[in-house]
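Thanks for passing this one along.

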Amino acid sequence: MAPSNGPPPQTGLALPLIYRLFFLVLEPVSALVGAYFCHARQARYLTLLDASSAAAATYATGAVPLGTSVALSQLAAMYLFFALNEAVVLRSTGDLRVWRAVLAVLLLADLAHLYALRALAAPPRGSGVYHDVLAWNAADWGNVPWVYAGAALRVCFLAGVGMGTTAPAKKLQ
């Protein structure tokens with residue numbers, strides 16, 4: 001058997017800048033911001049999400065109820081997981097199968113995230129939570145168009161839009 005000169009060369013992805021920028025930088029950072037607000041600024045997070053129910057929940061004590069606080073901290077942990085999946089897992093591989101699997105799962109999470117907003121689509125807001133740009137607050141901007149953008153980019157990636165051929169692997173930044 002002939003001696004080996006090291007591991008075989010890997011092939012990686014020739015990723016368009018928009019995919020690298022969004023999936024490896026912008027979206028993980030935004031997920032970390034969401035995690036921060038869910039865990040450390042819970043009353044503010046609830047107020048941005050739905051001011052009337054947040055006021056009712058915190059009216060008596062001025063604090064978030066214990067069960068709500070725990071649920072928000074668990075949501076923060078999920079935002080952290082989301083950020084790490086993109087920032088660490090995707091950055092660690094140039095394998096297109098891994099990228100497709102991770103982004104397909106995140107696309108399903110995007111759809112579930114948008115579906116979870118359906119309760120906010122009840123009166124008095126109506127379906128405007130999904131499309132009334134002028135009525136959106138900071139939380140709505142993170143919950144609706146930002147998720148639309150991520151989902152759209154995932155669909156484009158999964159459909160191969162803008163993807164070149166494989167190239168020698170290099171560190172994804």
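The points below go from the overall fold to one helix pair and then to the nonpolar cores.

1. A reminder before we start: this is a predicted model. The chain holds 8 helices and 2 strands, and along the sequence they follow the pattern β-α-α-α-α-α-α-α-α-β.

2. On the chain as a whole, 32% of its 173 residues count as buried. The exposed surface comes to about 10,400 Å², with carbon and sulfur atoms supplying 69% of it. Among contacts with a separation of 6 or more, 74% join residues 24 or more positions apart.

3. Do have a look at helix H1 (residues 17-40) and helix H2 (residues 42-49), whose axes come within 5 Å and cross at roughly 110°. Angles of 65 to 115 degrees count as roughly perpendicular, so H1 and H2 are roughly perpendicular to each other. On the H1 side, the contact is made by Phe-37, Cys-38, His-39 and Ala-40, and on the H2 side by Gln-42, Arg-44 and Tyr-45. Sorted by class, this contact of H1 with H2 has 4 nonpolar, 2 polar and 1 charged residues.

4. Next, the largest nonpolar core, which has 15 residues; Phe-23, Leu-90, Trp-99, Leu-103 and Phe-157 touch the most other members. At least two residues of this core come from each of H1, helix H4 (66-89), helix H5 (96-116) and helix H8 (145-159). H1 gives the largest share, 5 residues.

Terms used:
Residues numbered from 1 in each chain as written. Predicted model: local features only at pLDDT ≥ 70, side-chain atom pairs only at ≥ 80, totals over all residues. Heavy atoms only, no water. Axes fitted to C-alpha atoms, helices over the stretch in contact; angles between N-to-C directions. Helix = DSSP H or I, 4+ residues; strand = E, 2+ residues; numbered from the N terminus. Parallel < 35°, antiparallel > 145°, perpendicular 65-115°, else oblique. Contact = heavy atoms within 4.5 Å. Nonpolar A, V, L, I, M, F, W, Y, C, P; charged D, E, K, R; others polar. Core = buried A, V, L, I, M, F, W, Y, C linked by side-chain atoms within 4.5 Å. Buried < 20%, exposed > 50% of the residue type's maximum accessible area, 1.4 Å probe, protein only. Areas by Shrake-Rupley, 256 points an atom, 1.4 Å probe, with all protein chains shown as cover.
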